[in-house]
Amino acid sequence: MHKVTYIEAITEALREEMERDDKLFMMGEDIGLYGGVFKATKGLQKQFGEMRVLDTPLSESLIAGASIGATLVGLKAVPEIQFADFITPAMDQIIQQAAKLRYRSGGSYRVPVVFRVCCGGGIGGGLYHSQSNEAWFVDQPGLKVVAPATPYDAKGLLKAAIRDNNPIIYFEHKKLYRSLKQDIPDDDYIVPIGKADRKLEGETLSIITYGLPVNYALEAAKELAKENIKVEVIDLRTLLPIDKDMILESVKKTGRALIVHEANKTGGVGGEIAAIIAEEAFDYLDAPVTRVAGPDVPAIPFSPPMEEFFMVSPKKIADAARKLAAY
């Protein structure tokens with residue numbers, strides 16, 4: 001075992017998969033000589049060369065299109081989208097091409113590409129460097145969408161994604177990069193895509209979440225335990241395909257569901273989870289399904305107090321959990 005940060009776990013996964021598969025390459029803005037804006041690819045161009053770790057112009061459309069095209073001639077690609085906020089120019093390639101090519105060609109073509117997307121707020125990034133837009137991709141069959149919350153899962157899910165033959169959106173929350181450290185195995189391992197993880201066992205209510213808020217939910221659970229509110233924390237890890245079995249199993253046990261995500265509430269992933277629970281576990285509910293999410297404003301503001309107002313937090317989660325437990 002050795003201890004790493006979240007971003008070090010990502011770098012390890014990239015390096016090990018590059019060593020394992022010489023058909024794998026990366027491309028993105030400043031990922032080569034500079035090592036990436038957050039240094040996730042630091043040292044990789046020096047180790048693997050400019051033909052496998054490519055610096056690109058500031059063009060998300062090019063990054064996505066060239067990556068997808070390369071996979072059609074037998075390569076595997078891990079492009080980096082520097083900020084989730086700037087992914088919109090690449091959405092035509094991702095949604096109209098990557099997500100549909102395998103289906104459209106009857107399986108003749110596969111698109112083994114992993115879009116690493118840096119997302120999330122809480123770091124003073126303001127309107128165009130803080131967004132969480134995973135919901136744009138979760139309603140697109142043909143894609144897989146993952147959002148790890150810990151260094152262990154970050155490495156294992158990225159390695160699993162790279163070995164998958166389908167297009168995958170890998171959301172990595174910027175606030176987690178250097179705020180978490182965790183022991184991870186020295187040996188090779190993967191975290192299966194499509195499998196949630198029960199991070200904490202509980203009986204009073206289920207918190208269903210992913211990404212950064214998983215850690216906030218665990219923090220809130222410690223406080224709630226002092227009040228004899230025993231919270232079960234489900235880390236989805238994969239948003240598409242979602243692990244319905246674990247969601248339903250947990251909610252049927254506790255009878256109460258609190259869904260937490262940082263993205264805007266309306267149209268967010270939480271709405272889909274609430275619908276799954278309503279359709280398949282309604283008879284087990286002792287209280288309304290509740291959501292804690294970002295408010296429906298255009299983007300996260302620069303102003304620190306306003307950013308704090310926007311972000312989910314352990315306190316917001318604990319307050320909602322108390323209300324739900326008392327229902």
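This is a predicted model: local features need pLDDT of at least 70, side-chain atom pairs count only at pLDDT 80 or more; totals for chains, interfaces and linings use all residues.
Student: Which residues have the most contacts inside the largest nonpolar core?

Tutor: Ile10 and Leu258 do, in a core of 59 residues. Helix α1 (residues 6–20) supplies the largest share of this core, 7 residues. A nonpolar core here is a set of buried Ala, Val, Leu, Ile, Met, Phe, Trp, Tyr and Cys residues joined through side-chain atoms within 4.5 Å. Buried means under 20% relative accessible area, exposed over 50%, and partly exposed in between (1.4 Å probe, protein chains only). Helices (H or I, at least four residues) and strands (E, at least two) are DSSP runs, numbered from the N terminus.

Student: And what does Leu258 touch?

Tutor: Setting aside neighbours within four places in sequence, Leu258 is in contact with several residues, including Leu205, Ile207, Thr290, Val292, Ile317 and Leu324. Contact means heavy atoms within 4.5 Å.

Student: On to charges. How many salt bridges does the whole structure have?

Tutor: A search finds 26, where a salt bridge is a side-chain nitrogen of Lys or Arg within 4 Å of a carboxyl oxygen of Asp or Glu. One of them joins Arg237 and Asp153, whose closest N and O atoms are 3.2 Å apart.

Student: Where in the chain do those two partners sit?

Tutor: Arg237 is in the loop between β11 (231–235) and β12 (238–240), while Asp153 is in helix α7 (residues 151–163). The pair links distant parts of the chain, 84 residues apart.

Student: Are they buried or exposed?

Tutor: Arg237 is buried, with a relative accessible area of 9%. Asp153 is buried too, at 2% relative accessibility.

Student: Which salt bridges involve Lys199?

Tutor: Lys199 meets Asp197 at 2.8 Å, N to O, and Asp235 at 3.0 Å, N to O. Lys199 lies in strand β9 (residues 197–200) and Asp235 in strand β11, so this pair ties together parts 36 residues apart in sequence. Lys199 is partly exposed at 23%, as is Asp197 at 25%, whereas Asp235 is buried at 0%.

Student: Which residues form a salt-bridge network?

Tutor: Salt bridges that share partners join Glu12, Glu16, Glu17, Arg20, Lys155, Lys159, Arg163 and Asp188 into one network.

Student: What does Leu218 contact?

Tutor: Beyond neighbours within four places in sequence, Leu218 is in contact with Lys199, Leu200 and Val233. Leu218 lies in helix α8 (residues 212–225) and is partly exposed, with a relative accessible area of 24%.

Student: Finally, which residues make the nonpolar surface patch?

Tutor: Leu72, Val73, Leu75 and Tyr109 make a patch of about 360 Å². Patches are made of residues with over 30% relative accessible area and no salt bridge; like charges are joined within 9 Å, and nonpolar side chains (Val, Leu, Ile, Met, Phe, Trp, Tyr) within 5 Å. Accessible areas come from the Shrake-Rupley method with a 1.4 Å probe, and for residues only the protein chains shown count as cover.

Student: Where is Leu75?

Tutor: Leu75 is found in the loop between α3 (60–71) and β4 (76–81). Leu75 counts as partly exposed, at 33% relative accessibility.

Terms used: Residues are numbered from 1 along each chain as its sequence is written. Side-chain values use heavy atoms; hydrogens and water are left out.
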